[in-house]
Amino acid sequence: MMRFFLTMMMIFCVSSLFAQKPLIDSTAYKAWPSLGWSKISKNGQYVFYTIEGVPVGSKTLIVQSTDGKWKKEFNEGLKDGSLRTLSDKYFFFINKNDSLGMLILGTSRIKYIPKISSCRLFETGDRDYIGYPSKSNSKTLLIRDLSSNKERSFTDVNSWNFNEDVLILYKSAQGNDQKQTINIADIITGKVSKIWEGYKPENLILDVKHRQLAFKAGDSIWHYKFDSANAVCISDRNSSGITAGLTLGYLESFSRDGKFILTSLNGKKEAIKPKNGVVEIWSYTDVQLQTEQEKATIDQRYVAVIDVDNHRLIRLQQQAGEDFQFSKSEDDITKVALVMNPLVVDRQNIWNTAIEYSWDLVTLKNGNRKRLNFLDGMESAILSPSAKYILYFDKQKQVYFSYEIATERLQNLTKGLNVSWTDINRDDMPDASSFGRGGLPPAWLKDDESVLVYDRYDIWKLDPSNKETPINLTNGYGKRNQIIFDYAFASDEVKIIAKNEKLYLTAFNKENKKNGFFLKQLDKAGDPELLHMAPYLYKTNSGYVPGGSDFSPIKATKSEMYVVRRMSSTDAPNYFSTKDFKNFTRLSDLQPQKKYNWYTTELHTWKSLDGRKLQGILYKPENFDPNKKYPVIFHYYERKSDGLNVFITPELLCNGCQINIPTYVSHGYLVFTPDIYYKIGDPMQGTYDAIISAASYLSTLPFVNDKKMGLQGCSYGGLQTNYLITHSDKFAAAVSSSGLSNMISAYGDIYPDEGSSMEVYFEPVGQARMGKSLWAIPESYIKSSPIFNIHMVKTPVLIMHTRKDGSAASYKDAQQFFTGLRRMGKKTWMLAYSEGDHGILGKEADDFSIRMLQFFDHYLKDKPAPLWMVDGVSAENRSWKAGLELDTKGRTPGPGLLIPSEQAKVDSLMTRKPITITLK
């Protein structure tokens, strides 16, 4: 009996503890801290990062050792926007008193140099230097060797730059003359050599490997070879190749062999202004619609190079918008560029003869262009780092090809392989991506020996010369275990790796959503080595986790030390250090969610109406009571189950139009996010099968109130919401944000921001997933358009839309859906906002978040209705707070405007089934 009593007391105490936690609301949003960016020292022993909002409205900077044994915090006193950086021995910062602080890492000792408002750290060889102006004379530059603490001064310096062992000094001439000189200084000896004198030098680029630099001065480009007497002008406005109306643009870089400078020719194209009172002539042979021509870019930019030896400017880009690729190798000579000619309208090439993917190979030495006919129609091709090969993926044949530039040989690299190269995260949009998963650029072995590409799960090594058989680098381990492998440090940059390099791989299990790391030695066969897998999120490259959730590990440049960021649904994002991706040392411990009634996540699996196994996340409040009956809101957008371990930050709205799950769960709702798979040509059937089956599944759970189920979706999710309420009466309330209702009218609409046709949203495989034109499958467009079944709606619906929506969901469409619902006597409201685009921010987001919660609270929790739902708000009484007060008379939203005879007609319409057409 005593044990029972103690147990009940413990349950009571735990429940009381949860109940005492405040709910998440606007106060929490404003006070919510976040983890800032991080940087690791070269030796890997120290790291610094920021925490925003601790205390509220401020910023805390933390410097600590990666072994977790030493930490120093700066809560105030640092100058915003000033230097904050690490060397291997010091942390440098500028305080609000304009003093340079040098924290000796591992200690609490700080050395100050007063009256220093700016400072730069630079490293050369094994030495670290700092440069800063003298406190007695701002034009005297002091360079201090941090190892010896010796200081050298340079006088009359107007501005300066240090890059890769070269100190550049800009000096102003004396008196009224505004001339400047560019000087090169030797840090060791202090010798200063003047290399140029003139007006307004800018945009200096360095090539230390080939001992040269270049810069602009007005319309001229100057070049200097180290140890020569002076810089020489190699191009100006009179150079051949510069046509009228164009000027020299920004200097990007030297080529890898140092023989070319990559730059551009820039100009302005007058915007086409519609002429009032003059006829617009639209023709069926127009490559661009009249609206597209009006929206055409005003800025013109053409890629060009300057031959350093003969001072010749070569314009490579003939049309603005051509996509240029240069080789990326550190050692080999850049000789050619691969260019894709611009498409007037992306994806119209499936029917428009004037629009075609075409590719040229451009020789930098003379600008000669060679049309690569074998690439006609190909959407993606990649130039290898050493410019030996072109790699491309043929979507129709599902095969990788290589083209050897020197021999012009075309090789089928994956012929006969029984492998699906379709991104697993886009397998219901098989035409939407190429080069495997997520559009990541392949990694290459040095000298273009091999290239690494992705299939659905695993990584393959292909020989571009086609002499070696393709090797499944991860040995099929990914497919066998439902694990998706990615290169841990993958980015938009092409990666070049050594033969014997060990590859750290991120791994994401599609079944249980665990995330972690594996190790693969390139020169060893067999399975990759498991390092760490856990119910956290590090980096997934899933495409279905919220933006900003993934974090690429940061590596110290001189050691095997890494910083990772880890999160889970109940553990806020925090930094950890690791040497081996097996053992992790916690660096930060930010846990703001512990102050509030937070949420937990559960992964659920059930069968869709079409028999497919589906997954979804059930979000429960921290103080969940299994004996209660909870209302549930279904929230959906493509597939969300990969986000099982994502930490969702409390805010007004997610993505400017979606419910914030922590807020709703904290307020006593369950939220369920089911995955949805779509069939090309019949996408809304997949929506119906997934959501209705999910609702039926949740209805079997004892803690779910199946009479209080709601829907909320935004954008494509808004279209799905509109479809569901016109085909089911399972739901007690629905909120549709920025969604479509009429695919037929939308198909012929124009994107207001671009002036282009919205056809590309539907075909071949845009997000709408129709696959064919309206006239090829009109039945499908009718079936998937909610507006044709408005008469079947029984669910009260709140519509949110913006008047300036420039995406695939026009405000006009929302008006049509609302007026249709109103005409049929349905309970519906529309919140129209004037400032947002395809989402809202600021006051508009605040207003919508309040009204949406009031709407759901009334219909799913039986709370009093707000006055805006009961009485409406007239045009003259509009305000941000209009009608937010809750009704105190027990009133609820009443019937619509229909007279009895019209109501009877609508009722009779509801006895028949929704308008559907059997699809062949």
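Predicted model: local features only at pLDDT ≥ 70, side-chain atom pairs only at ≥ 80, totals over all residues.
Local features need pLDDT of at least 70, side-chain atom pairs count only at pLDDT 80 or more, and totals use all residues. Residues are numbered from 1 along each chain as its sequence is written, and side-chain values use heavy atoms, with hydrogens and water left out.

Start with the whole protein chain as a C-alpha trace. Along its principal axes the trace spans about 95 × 80 × 65 Å. Colour by secondary structure: the chain has 14 helices and 54 strands, taken as DSSP runs (H or I, at least four residues; E, at least two) numbered from the N terminus.

Switch to a surface. The protein chain exposes about 42,200 Å², and carbon and sulfur atoms supply 50% of it; the areas are Shrake-Rupley values with a 1.4 Å probe. Of the 920 residues, 54% count as buried, meaning under 20% relative accessible area (1.4 Å probe, protein chains only).

Next, select Phe-634, Leu-711 and Phe-762. These residues have the most contacts inside the largest nonpolar core, which has 57 residues. Such a core is a set of buried Ala, Val, Leu, Ile, Met, Phe, Trp, Tyr and Cys residues joined through side-chain atoms within 4.5 Å.

Finally, centre on Phe-762. Not counting residues up to four places away in sequence, Phe-762 touches residues including Leu-740, Met-743, Tyr-747, Met-770 and Tyr-781, where contact means heavy atoms within 4.5 Å.

Notes. Buried < 20%, exposed > 50% of the residue type's maximum accessible area, 1.4 Å probe, protein only.
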